Amino acid sequence: MYHYQNKTIIVTGGGQGIGRGLVQAFARAGGNVIIAEADEEAGRDCERLVKEENGEAFFIKTDVGSEGSVQEMLEMTRARYGAIDVLINNAGLSEFKPLEEIEVAEFDRVLAVNLRGAFMCSKYAAPDLKERKGVILNMCSTRHLMSEPGSEAYAASKGGIASLTHALAISLQHKVRVNAISPGWIEVRDWQKPSEKEEVNHREVDKEQHPVGRVGEPEDIAKAALYLCDNEASGFVTGQNFVIDGGMTVKMIYAH
């Protein structure tokens, strides 16, 4: 349905979870995909999976919290595939701890990877993207608008991503489209590297709290990403944040 032949797509955090689903989807659509991933086992395993399907992907060990690592990854991408067409800022980490227990350094590290990393990748990829009429897609979260206890660092980083998205859309207007996806509950335990992969069985109550009747999968996010990064399909869409959560955030839940 979507065609990415001769397009270069970077997926940060592409080795596991939603990122792995994104890498596989864009490779199947014909793209040259860079797996910008900090975990070497995960990155190389994802690259192997793509190549087994005769797709094109290349793993580059990347810490998006490091300015030098981001710049090196982009230069390696250009050397291998040429200019960048699509940047997907997906890399992220979480630190869920009670407010009184989380260290300031831990809070800072979450923001450095989740928020500052997306900013740096966008900043340094912008010249290519402007030249190619490219696309930035940021991975936000429904946690930017709803929370559980102890989620301050992650929620703050994703709230920042939501705002960064519309700011970038205006700064890069007429040249680059910028959108975000806010996933809800997406099951990723069976999309991990081999040493951490788990079999998943959801309870009926897990499924029932979603109006669609099931928990989400990485493919649900990848399908939306393929649409949002295709200039022919979504050329009139920019600065938007799409909630993809099976309807979970619009369902009112009362204690009984």
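User: What makes H174 exposed?

Analyst: In this predicted model, H174 has a relative accessible area of 67%. Exposed means over 50%, so H174 is exposed. H174 sits in the loop between α5 and β6 (177-183), and its phi is near 75°, a positive value in a residue other than glycine.

User: Why is N54 called exposed?

Analyst: The relative accessible area of N54 is 75%. The cut-off for exposed is over 50%, therefore N54 is exposed. N54 belongs to the loop between α2 and β3. Its phi is positive, about 65°, although N54 is not a glycine.

User: Why are α3 and α4 called roughly parallel to each other?

Analyst: Helix α3 (residues 67-81) and helix α4 (residues 104-132) pack at an angle of about 30°. Angles under 35 degrees count as roughly parallel, so α3 and α4 are roughly parallel to each other. Their axes are 9 Å apart, and α3 passes α4 in a right-handed crossing.

User: Which residues of α3 and α4 meet?

Analyst: From α3 come E67, V70, Q71, M73, L74 and R78; from α4 come M120, C121, Y124, A125 and D128. By class, the residues of this contact are 7 nonpolar, 1 polar and 3 charged.

User: How do you know that α4 and α5 are roughly parallel to each other?

Analyst: The angle between α4 and helix α5 (residues 152-171) is about 15°. The limit for roughly parallel is under 35 degrees, and α4 and α5 are therefore roughly parallel to each other. The axes of α4 and α5 lie 8 Å apart, and their crossing is right-handed. Residues in the contact include F107, V110 and L111 of α4 and Y154, I161 and L164 of α5. The contact of α4 with α5 has 12 nonpolar, 4 polar and 2 charged residues.

User: What makes up the largest nonpolar core?

Analyst: The largest nonpolar core has 32 residues. Those with the most contacts inside this core are Y4, L22, F26, I88, I181 and C229. Elements giving two or more residues to this core include β1 (8-12), α1 (17-28), β4 (86-89) and α7 (218-228). Membership requires buried residues, with under 20% relative accessible area, joined through side-chain atoms within 4.5 Å.

User: What is L22 in contact with, leaving aside its neighbours within four places in sequence?

Analyst: L22 is in contact with V11, I88, N90, M139, I221, A222 and A225.

User: Which residues are among those of the other core?

Analyst: Another core, of 30 residues, lies apart from the largest one. Among its residues are I10, V64, I84 and M120. M120 of α4 is also in the contact with α3.

How values were computed: Residues are numbered from 1 along each chain as its sequence is written. This is a predicted model: local features need pLDDT of at least 70, side-chain atom pairs count only at pLDDT 80 or more; totals for chains, interfaces and linings use all residues. Side-chain values use heavy atoms; hydrogens and water are left out. Axes are lines fitted to C-alpha atoms, for helices over the stretch in contact, and angles run from 0 to 180 degrees between N-to-C directions. Helices (H or I, at least four residues) and strands (E, at least two) are DSSP runs, numbered from the N terminus. Angles under 35 degrees count as roughly parallel, over 145 as roughly antiparallel, 65 to 115 as roughly perpendicular and the rest as oblique. A crossing is left-handed if the near helix is turned anticlockwise from the far one by less than a right angle, and right-handed if clockwise. Contact means heavy atoms within 4.5 Å. Ala, Val, Leu, Ile, Met, Phe, Trp, Tyr, Cys and Pro count as nonpolar, Asp, Glu, Lys and Arg as charged, and the others, Gly among them, as polar. Buried means under 20% relative accessible area, exposed over 50%, partly exposed in between (1.4 Å probe, protein chains only).
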